[in-house]
Amino acid sequence: GHNSVPPEMWLLPNWFPFHPGRMWCHARMVYLPMGYLYGNRFVYDKADTDPTILSLREELYCEPYDKINWVPTRHWVAAMDNYSPIPLVMKVLQNALARYENWALFQPFKNWVRGKGLEFSMQYIRAEDLQTNYI
């Protein structure tokens, strides 16, 4: 599992502490397309039959891929990779975003604002492509 990467974060005011525009430039340029893919719920439709994907799943996971309970893995970081532990505040905020993603109560609002966030993200991606000459 992974934490939410909502594209609608781009719609927050620039002064907001968690606005993606306040991220380091390289992190921002990773967040932009990842948010777009996350917001569209992109799924590789041949993952269950692609030999490369199947091989990676077998190599990377200690248990069968389809038996993994992904929800608790959102905050797992290997000790050797945990250079900067995630603060409790960040974990609470990530959990709040997970609720926003999954609770039926938020769905009408989320669906409306998600569409706006996806539209903004695609415009930003196209602008970045032009600015960098498609590099």
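This is a predicted model: local features need pLDDT of at least 70, side-chain atom pairs count only at pLDDT 80 or more; totals for chains, interfaces and linings use all residues.
Author: Residues are numbered from 1 along each chain as its sequence is written, and side-chain values use heavy atoms, without hydrogens and water.

Reader: Why is Leu37 called partly exposed?

Author: Its relative accessible area is 40%. Buried means under 20%, exposed over 50%, and partly exposed in between (1.4 Å probe, protein chains only). The value for Leu37 falls in between, so Leu37 is partly exposed. Leu37 sits in helix α1.

Reader: What makes Lys116 partly exposed?

Author: Lys116 has 41% relative accessibility, so it counts as partly exposed. Lys116 belongs to helix α4.

Reader: What makes Val30, Met34, Leu37, Phe42 and Tyr44 a nonpolar patch?

Author: A patch takes residues with over 30% relative accessible area and no salt bridge; nonpolar side chains (Val, Leu, Ile, Met, Phe, Trp, Tyr) are joined within 5 Å, like charges within 9 Å. A salt bridge is a side-chain nitrogen of Lys or Arg within 4 Å of a carboxyl oxygen of Asp or Glu. Leu37, at 40%, passes the area cut-off. Together the five have about 500 Å² of accessible area, by the Shrake-Rupley method with a 1.4 Å probe.

Reader: What does the largest pocket hold, and what lines it?

Author: It holds about 1,100 Å³ of space. Its lining has 31 residues, and Gly1, His2, Tyr38, Tyr65 and Trp70 are the closest to its centre. A pocket is an open set of points on a 1 Å grid, where a 1.4 Å probe fits, with protein on both sides within 12 Å along at least five of seven lines; lining residues have an atom within 4 Å of a point. α3 gives the most to this lining, with five residues.

Reader: Which residues lie nearest the centre of the second largest pocket?

Author: Pro6, Met9, Phe18, Met90 and Leu97, out of 26 lining residues. α3 and α4 each give two or more residues to this lining. α3 gives the most, with six. The space is about 700 Å³.

Conventions:
Grid points are joined across faces, edges and corners, and a volume is the space filled by probe spheres set on the points. Helices (H or I, at least four residues) and strands (E, at least two) are DSSP runs, numbered from the N terminus.
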